[in-house]
Amino acid sequence: MRTNTTAHRIRHKALAAAAALLMPLGALVALASPVQAAEAATATFSKPSDWGSGFEGKWTIKNTGDTTINGWTLKWDFPTGTKAGSAWDASLTSSGNTYTAKNLSWNGTLAPGAAISFGFNGTGTGAPSNCTLNGRPCDGSGGPVDAPPTAPGIPTASGITDTSVKLSWGAARDDKGVKNYDVLRNGSRVATVTGTTYTDSGLTAGTTYTYSVVARDTADQTGPASGSVTVKTTGDGGGGGTPGTYVNLGYFTEWGIYGRNYHVKDIVTSGSAEKLTHINYSFGNVQGGKCTIGDAFAATDKAYTAEQSVDGKADTWDQPLRGNFNQLLKLKKMYPHIKVLWSFGGWTWSGGFPDAMKNPAAFAKSCHQLVNDPRWQGLFDGIDLDWEYPNACGLSCDTSGPAVMRTMAQAFRAEFGKQLVTAAITADASSGGKIDSADYGGAAQYLDWYNVMTYDYFGAWDKTGPTAPHSPLTSYAGIPNPAFNSDAAIQKLKAKGVPAEKLLLGIGFYGRGWTGVTQKEPGGSATGAAPGTHEAGIEDYKVLKNRCPANGTVAGTAYAHCGNEWWSYDTPATIKGKMSYAKQQKLGGAFFWEISGDTANGELITAIHDGLYK
């Protein structure tokens, strides 16, 4: 019941082609001549492959001393015309023709005699020069290696609230001085500070976090991490539950970065990130029996400036992943409690499901490979299947039979294992309607939850009316179809054997409206769809709250009559009532379509969060 129209799904194409005949060279640029020292190391460079205009570069670092080295920093120059691109097994940065490579968290410790290697893709033909390893010549001739700093003291926690904690730690030691400290939350860096205290904010109430600290010296070497401290924020989520008991899930639209100008960073600046539990990235397509990427430019290619980026760091021309996917990875690093699922289908792209379900196992396998592609490793925690609708009609009609939903869910659970597998489903509770058309009860055993689309019941596709709220919680006198309401859908799904905790109540962050309306109350006649910013008959809540403020309620939702327009939509007050219903029915929580419809300070997401937890 969601619309992702062609106008909203702008396609950008970035075409890139590279063809190379890889010619292994035996040549080694010898920059090392081991010299034994108390602490000593060497670095050698080679080109495993060279195709004239480009090459694969490889550095090998070896501990030639008799004590362990903790952390390494390698620097070198390339001549003009030679550049290093994407790297693996090291963090690589550049300033002009000078390149700096640093160890990752898992390969910075080298015991005596041990060696590690990292590589990168390069262009040009030149060889490196002016190589230093931890500030010393790479051939080991410069004497002892500059030792990295010691581990800081174990952090202590104080001032713990529902959303923040203050950390303090003892200073690390270094012969040339400590420059700053990296603060790690659950293993990921959340801040770099010069002092020995830091207050971490934007946390979730009643949630456990683990902190440690790493020191950097003036040569930008990192030492070993401190011991860790585990902290639990105050608050229990309200009603005896703990955060995580309820799901607060929002859909993030791939095309929203265009006309709507909504980006992942807006989730942070609105204060919504700390209140969300899950994000559904929508949509991937279903084509030729497989899951496919939707808009590659938006997903993986669009470059973000420092100002636009979640963490304030600009994308570089040569980094392997950019776009929404990289921004979401940064969001997850800052807010590790958030899980992200990739949603496939939707109103426009559901037409490929019937063909794909001719071979459910192959379909599920293709989706698993795409969701877990190494290019965006760690981004997605599962998949959301948004088939509108199995064995029923949406934009097109499907006649696969009622068992197809169960078969699909079983195949995807077998392929995805412990990863999340969810589905967005119909809320049509009419006799012989869409809920009756497929085995949603049988499929539920294989799914983590259903997103029940309890909105879009009524709208200006019936251009003369009668006017009616598009997301009624319950029935009411005069409702055009008594089975078109949220409670009817929830009760019918429960009667079919779907556990209540696997049902999420749907909230629309938008309104639907008519024009040519003279009657304030529901049930009036109309002449057509009211004007909307992006599409007639539909408008974001953030616009409607000011353009046409609510002046009435019916069936647990709000409506507004202004001039000759009539709109219905949810407000913070009606959302609070719907969340009370969700808790009373012991549902798994709520989800909403979609996040860009909220205000700049996230008042609807806050209403869902507070309604579930307070």
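Student: What should I know before we start?

Tutor: This is a predicted model, so to speak of local features we need pLDDT of at least 70, side-chain atom pairs count only at pLDDT 80 or more, and totals for chains, interfaces and linings use all residues. Residues are numbered from 1 along each chain as its sequence is written, and side-chain values use heavy atoms, with hydrogens and water left out.

Student: OK, at what angle do H12 and H13 cross?

Tutor: Roughly 35°, with the axes of H12 (residues 572-584) and H13 (residues 603-613) coming within 8 Å. Axes here are lines fitted to C-alpha atoms, for helices over the stretch in contact, and angles run from 0 to 180 degrees between N-to-C directions. Helices (H or I, at least four residues) and strands (E, at least two) are DSSP runs, numbered from the N terminus.

Student: Which residues of H12 make the contact?

Tutor: Pro-572, Ile-575, Met-579 and Lys-583, and on the H13 side the residues include Leu-604, Ala-607 and Ile-608. Contact means heavy atoms within 4.5 Å.

Student: Switching topic: is Ser-471 buried or exposed?

Tutor: Buried, at a relative accessible area of 1%. The cut-offs are under 20% for buried, over 50% for exposed and partly exposed in between (1.4 Å probe, protein chains only). Ser-471 sits in the loop between strand E26 (449-452) and helix H10 (486-495). Leaving aside neighbours within four places in sequence, its contacts include Tyr-455, Asp-570 and Lys-578.

Student: And the salt bridges, how many are there?

Tutor: The count comes to 23, where a salt bridge is a side-chain nitrogen of Lys or Arg within 4 Å of a carboxyl oxygen of Asp or Glu. One of them joins Arg-512 and Asp-456, at 2.7 Å from N to O. That pair links distant parts of the chain, with Arg-512 in strand E28 (residues 510-515) and Asp-456 in the loop between E26 and H10, 56 residues apart. Both Arg-512 and Asp-456 are buried.

Student: What about Asp-373 and Arg-375?

Tutor: Their side chains meet in a salt bridge at 3.0 Å, N to O. Asp-373 counts as buried at 15% relative accessibility, whereas Arg-375 is exposed at 56%.

Student: Last one: what's the strand order in the open sheet of three strands?

Tutor: E13-E14-E17, with antiparallel pairing; strands pair if DSSP finds at least two bridges between them. E13 (156-158) and E17 (197-200) stand at the edges with a single partner strand each, so one side of each has no neighbour in the sheet.
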